[in-house]
Amino acid sequence: MSITRLLKLCILRSFFFFLLLVPLFSFAEGDPTSVIAKPADSNRLERLLAEAHAKNLASDPQWLKLLHYHRHAGALRSDVDGGYFFLSPLGKWDSRAELDATLRAFLSQEDLSPPLDSGMEAGRMHPLCKFRARLHFFRERLDLADSLLPKVDCDRYQRWRDALDPVGATLVFASSYLNNPASTFGHTFLRLNSRGDSAALSLLNYGITYAATVPDGDGLAFAYKGIFGSYHGTFSIVPYSLSLQKYSNLESRDVWEYDLALDSNRTEYVVEHAWELGAAWMRYFFFDENCSYNIITLLDAADPDWRLSESLAATAVMPAETVKLLERKGLLIRSRHRQSLLSAFRQKAGPMRGRSRRLLRQFMQPAPDLAGLARDTAGISPDSLSFILDVALDYVQYRKRRSEGHSGKTWAARQRELLLMRSRLPTMTTSKGDPPGAGHPGSGSPLESHATQRIGLGMGMAQYRPFLDLGYRFAYHDLNARESGFLLGSQIEVLKLDMRVDCGRDCREGVRSVGLQGADFLAIQSLTPMDDLRQPMSWGFRIGYDTRPTGSGRPGRAVIGEGGVGAAMDWETQSGLACLPFLLVQSKVRIFHAPVWEMDAGPQSRSGFRLSFGRNVSWLFENSEYLPAPFRRGLESDLRTELRYSPGRNSEVRAAVSYLDGAGEASMTLNGYF
Amino acid sequence: MLKLTLLAGAIVMAGASTASAKKYGTAGCGLGSMIFHDQKGFIQVVAATTNGTSGNQTFAISTGTLNCSEDGLAMADKEKEFFASANYESLMQEMAQGKGENLQAMASLYGCGTEAFAASVKSNYSQIFPTAETNSSAMLTNLDGVIASDISLKSSCTESN
């Protein structure tokens, strides 16, 4: 069943539910409609309004944050676009109108909640029960005794809050997931930590997450709509164990948890404000008003003095950058790395050799070789066998989750055999994997990653003519960059522009031309190493613009689309030397103007390797061979080699030499990330 | 792209196998099916959600009562069913291994001491998971039986089943 159908069903169901309940609503919580407003109420209200105005609460930073007011093109207005959030029709633009309306609603005996069918809200609620953080704020700022407020029973909120029983919160970062464009830069959400559930029982906690609601079948329009705000984003509350199942086990993403330095008052604000936002929606903007942005604004409401949203970059809010922001503000106190099922398997299987590895390989087969198994398990200690089985079980679970039909049944049967065998072996006493700092250098914490945007200044020689290069890249990471905090072998480049100043013979004699040398609109690569245990596929594609030396009738400037699949491997030594060779077989299409609009297409091979020495130095060597049809132009061979050195996290020097169809070019570039 | 298709397939299947449990009762909350429906859309369209889970009524913060959740939180008496169905694969493995976070959480939901619970579950593994087709609700029924018959474990649990 699709999500949209599911939603329709839910709406339909709740509609009938509503019809049944209509007569009951006059008795529903916080709905004292039968009480007539007393004249004294208006005096109280006037007094409170006067006090609020005298204290200028309408421009109080926390009030503005509670309403999600931010500057948009110079004007202050709320990010919230709809649902049940504003009590004044002017609430989105006028913080004072909303302040007055909120106080009025709070003191009103009449329930001002909107009718049931206006949003996600099922069941009416008195504003006092709905706007808990605003009430908290007024209680702190105004002389607001409970006796002033109407007697309203906020049973529903109280049950919710008591079930959560929050004592703190943890920021959770799920690393990037190349197989879903929506998650390419990672994801962050907030976990509410309950009093009853200690750190060891954190699986029983709930997470507050912000996400867009995307109907089925939006396919290609998705990117456009996601970037330009066509989707509605809402906050929701998801069991933490479920989020982990999705990120760690289904999508193989490592997860980092950062406990936040929130005292009980701020924690209460976060919970209250999440409740307030429950029925609100905002237009979702993939690059700036996204999940991470809204987790930051949720925290901002708890303490405006942190000035979190003000410290975010204006162009794009990257999940990893928001983690760094919280670290800079001193709000992270403890961290924990949770390996995905697959990376735990890889880390444990990696160093296994000899008989252990042979056994592991046999356990990993869907159908076992019983004779070989009996031979290899003979005389092995129960502890060693347990360890090997545990590693194999991670893999079998991973495979089973991805298999269907007959193959699914085979894996399920295999898994059961292994599990029965495992249940008869001893429990391992050593802790299961995940020592701090272990794993590939590329699997470092997001705090170690370089920033998102990049500018570069380069100079070099092309065919004995000097040039200057100016480069800008909007996001995010390329194959030869410092890999800490990124997936090894991954590359996501969005909007990369390289301008070239061509000097003629000598730059001092003046500039001959300035032009766009190259551009990548989107270039993604996912090089996943294979070994004797697993053979995952590598893939990559690119949409961009290239300039090549003209001659022998070849096109000079062309728009390129290329993509394909292949394989990669990974060798590492103890001393930190790692080599990642790869080969991709691609199809390429090229559109160019020479001298009329033309197009060619054909197969292309891309091969090379990346050699890294620790995380600060790496060397990339790449070769591509393109055979465009019609074939009269022959094979186009490109060679490129690039050495990178990173003195710091956000700076690097790259020296490159390339031969495009034999035309040589050498350059030296300084890059800064910000 | 093959990987994607396979993954989508797996999740389609997961959705299909849990779809029968949609009308909750003893069979669980149907949350399992909702989760995987979510996943299916998520992968199939590749583009289904923008960063994270797509909006799903089950997890909305103030939708009121839906299936076995209230305002997004699993109802207390459904918590075990929910946890078992959402984390079934992990539980299956950790119960055989005799340790793990999911197992610990499950012991806590039963109000039992982790070690006694883990030991009992491990030694009665084939009884709790009699076939490769055992699903989460059958597992819970079998688990209740194991706990009831294990006197030493039962005494360590605050909540008797």
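**Close-up views of a predicted two-chain model**

**Figure 1. Crossing of H14(A) and H16(A).** H14(A) and H16(A) cross in a right-handed sense in this predicted model. The two elements are helix H14, residues 354–363, and helix H16, residues 382–401, both of chain A. Their axes lie 9 Å apart, and the packing angle is about 45°. On the H14(A) side, the contact is formed by Ser356(A), Leu359(A), Leu360(A) and Phe363(A). H16(A) contributes Ser384(A), Ile388(A), Leu389(A), Val391(A) and Ala392(A). By class, the contact residues are seven nonpolar and two polar, with no charged residue.

**Figure 2. Crossing of H3(B) and H8(B).** Helix H3 of chain B, residues 79–86, crosses H8(B) at roughly 125°, and the axes come within 9 Å. H3(B) is therefore oblique to H8(B). The handedness of this crossing is right-handed. Lys80(B), Glu81(B), Ala84(B) and Ser85(B) are the H3(B) residues in the contact, and they meet Ser136(B), Ser137(B), Met139(B) and Leu140(B) of H8(B). This set comprises three nonpolar, three polar and two charged residues.

Figure 3. Helix H6 of chain B spans residues 114–123, and its buried residues are Phe117(B), Ala118(B), Ser120(B), Val121(B) and Lys122(B). Elements of both chains take part in covering these residues. From chain A, the cover includes helix H17 (405–423). From chain B, the cover includes helix H4 (88–97), helix H5 (101–109), helix H7 (125–128), helix H8 (136–149) and helix H9 (151–156).

**Figure 4. Nonpolar cores.** In soluble globular proteins, nonpolar side chains tend to be buried together. The largest nonpolar core here has 143 residues. Val270(A), Ala274(A) and Ala392(A) have the most contacts inside this core. Ala392(A) also belongs to the H16(A) side of the contact with H14(A). Beyond its neighbours within four places in sequence, Ala274(A) is in contact with Ile208(A), Phe235(A) and Leu298(A), and with Ile61(B) of the other chain.

**Figure 5. Loop position of Ala313(A).** Ala313(A) sits in the chain A loop that connects helix H11 (291–302) to helix H12 (319–328). Within 10 Å there are 16 other C-beta atoms, which means that Ala313(A) is partly exposed. Asp162(A) is 151 residues away along the chain, and its C-alpha atom is separated from that of Ala313(A) by 37 Å.

**Figure 6. The two chains in outline.** Chain A contains 17 helices and 23 strands, and 41% of its 674 residues count as buried. When contacts in chain A between residues at least 6 apart in sequence are considered, 64% join residues at least 24 apart. Chain B contains nine helices and three strands. The order of elements in chain B, from the N terminus, is α-α-β-β-β-α-α-α-α-α-α-α. Of the 161 residues of chain B, 59% count as buried. For chain B, 47% of the contacts between residues at least 6 apart in sequence join residues at least 24 apart.

Methods
Residues numbered from 1 in each chain as written. Chains lettered and ligands numbered in written order. Predicted model: local features only at pLDDT ≥ 70, side-chain atom pairs only at ≥ 80, totals over all residues. Axes fitted to C-alpha atoms, helices over the stretch in contact; angles between N-to-C directions. Helix = DSSP H or I, 4+ residues; strand = E, 2+ residues; numbered from the N terminus. Left-handed = near helix turned anticlockwise from the far one by under 90°. Contact = placed C-beta atoms within 7 Å. Nonpolar A, V, L, I, M, F, W, Y, C, P; charged D, E, K, R; others polar. Buried ≥ 20, exposed ≤ 12 C-beta atoms within 10 Å, placed from the backbone. Core = buried A, V, L, I, M, F, W, Y, C linked by C-beta atoms within 7 Å. Parallel < 35°, antiparallel > 145°, perpendicular 65-115°, else oblique.
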